Amino acid sequence: MEPVDQEKYRKSLGKLESIFRSISDTASEVSSWRCPYKNVEDRCTAKFGCRNQDRPGTSGELYLCLGSDDIDYRSAWETSN
Amino acid sequence: MPVTNEDLESELGYVTNPSEQQHIRSLWDEADPLMQDISVSLIKGDNNRVDQLTQEALEAGFTANTILDDGLIAGMAIVGVKFRDNLIFVPEVLVAARAMKAGMTHIEPILSASGIEPVGTVIMGTVKGDLHDIGKNLCIMMLRGAGFTVIDLGVDTSPEEFIEAVEENEAGVLGMSALLTTTMPNMGRTIDAFEEVEMREFVKIMVGGAPLSQEFADDMGADGYGKDAISCVELAKAFMSPDAEHSVSTIG
């Protein structure tokens, strides 16, 4: 198997880091108005309870998130196990 | 070679800025269709498919550099654009990052055989009693992207589990996350536990989470406080540098 070209690899890491920095910046911005656990289908991916979680339609499905992006989502998070 | 994969062409349609689309499209200018398949599978977050295709690509003679650049990173570039434009959100980004890790599992042994070792090993976990993990997961994604080996202990991690993981993996850095004011003290308890087993001097400890501050990190005896995923990576890099003894306690 051909060894890795170290110079190319360093450049690749640089590209990837640049993409991830942009992602991190976006994550900080988006989390100011949308719960970071809410996926693109408005389903909740959190491992903890939240008052915005509605019952899933079929077993195994993630909870539907009923939270509005106009209201601070943090107050709905359950804070005990 | 132009983009021939229909799904990838469709993904490129989300990049609406013409010059940006031209730039991103050029990432596949010299890419084999198999690399395009890897990119699409990563964008979709299909870690099993990325795992399988990366293996196939290596067996077919593609270099690790090619797979990394033309398959995995090129796909992640589109994920970044879709996230920036609110077409996807943090959970989808993390699923794509998991798919990337599946591909990297095949690349890492080749890196090692080529004399490229990980920057360092970092143990990451959310403290005991806390189930909030999204900030930690973003940090892990970024640390792996920066060349670190990361052991993810998940959520609700006890001091004993942190100690065991540091010992077992000979990790130089430990990262703890907490989102609740009620669980924040468990960071201090974990640091105390490292003192009790006389391991504190062997590991740099960084902490992060929404309710934390530099002052709180200093009070509990952490080596560093990261306010976001970027500063988490910069802290870890500073800890691994030869003059780590003089490294800053906060970045960002």
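This is a predicted model: local features need pLDDT of at least 70, side-chain atom pairs count only at pLDDT 80 or more; totals for chains, interfaces and linings use all residues.
The model has an ipTM of 0.93 and a pTM of 0.92. For chain B the mean pLDDT is 94, with 96% of the residues at 70 or more.

Between the two chains, 34 residues of chain A are in contact with 40 residues of chain B. On the side of chain B that touches chain A, two or more residues are given by each of helix H5 (64–84), H6, helix H7 (134–145) and helix H11 (229–240) of chain B. H5(B) supplies the largest share of this side, 10 residues. By class, the side of chain B that touches chain A consists of 26 nonpolar, nine polar and five charged residues.

Within chain B, helix H4 (residues 47–59) and helix H6 (residues 90–113) have axes that come within 8 Å and cross at roughly 25°. H4(B) is therefore roughly parallel to H6(B), the limit for this class being an angle under 35 degrees. The crossing of H4(B) and H6(B) is right-handed. From H4(B), the contact involves Asn47(B), Val50(B), Asp51(B), Thr54(B), Gln55(B) and Leu58(B). H6(B) contributes Arg98(B), Ala99(B), Ala102(B), Gly103(B) and His106(B). Four nonpolar, five polar and two charged residues make up this contact of H4(B) with H6(B).

Asn5(B) is located in the segment before helix H1 (6–12) of chain B. Beyond its neighbours within four places in sequence, Asn5(B) is in contact with Pro33(B), Gln36(B), Asp37(B) and Val40(B). Pro33(B) is 28 residues away from Asn5(B) along the chain, yet the C-alpha atoms of the two are separated by 6.9 Å. Asn5(B) counts as partly exposed because it has 19 C-beta neighbours inside 10 Å, whereas a buried residue has 20 or more.

Two loop residues of chain B were also examined for their backbone angles. Asp156(B), in the loop between strand S2 (149–152) and helix H8 (159–169) of chain B, has a phi near 55°, a positive value in a residue other than glycine. With 19 C-beta neighbours inside 10 Å, Asp156(B) is classed as partly exposed. Glu198(B) likewise has a positive phi, near 60°, and is a residue other than glycine. Its position is the loop between helix H9 (185–196) and strand S4 (204–208) of chain B. Glu198(B) has 8 other C-beta atoms within 10 Å and is therefore exposed, the limit for that class being 12 or fewer.

Technical notes:
Residues are numbered from 1 along each chain as its sequence is written. Chains are lettered from A and ligands numbered from 1 in the order in which they are written. Helices (H or I, at least four residues) and strands (E, at least two) are DSSP runs, numbered from the N terminus. Two residues are in contact if their C-beta atoms, placed from the backbone, lie within 7 Å. Axes are lines fitted to C-alpha atoms, for helices over the stretch in contact, and angles run from 0 to 180 degrees between N-to-C directions. Angles under 35 degrees count as roughly parallel, over 145 as roughly antiparallel, 65 to 115 as roughly perpendicular and the rest as oblique. A crossing is left-handed if the near helix is turned anticlockwise from the far one by less than a right angle, and right-handed if clockwise. Ala, Val, Leu, Ile, Met, Phe, Trp, Tyr, Cys and Pro count as nonpolar, Asp, Glu, Lys and Arg as charged, and the others, Gly among them, as polar. pLDDT is the predictor's confidence in each residue, from 0 to 100.
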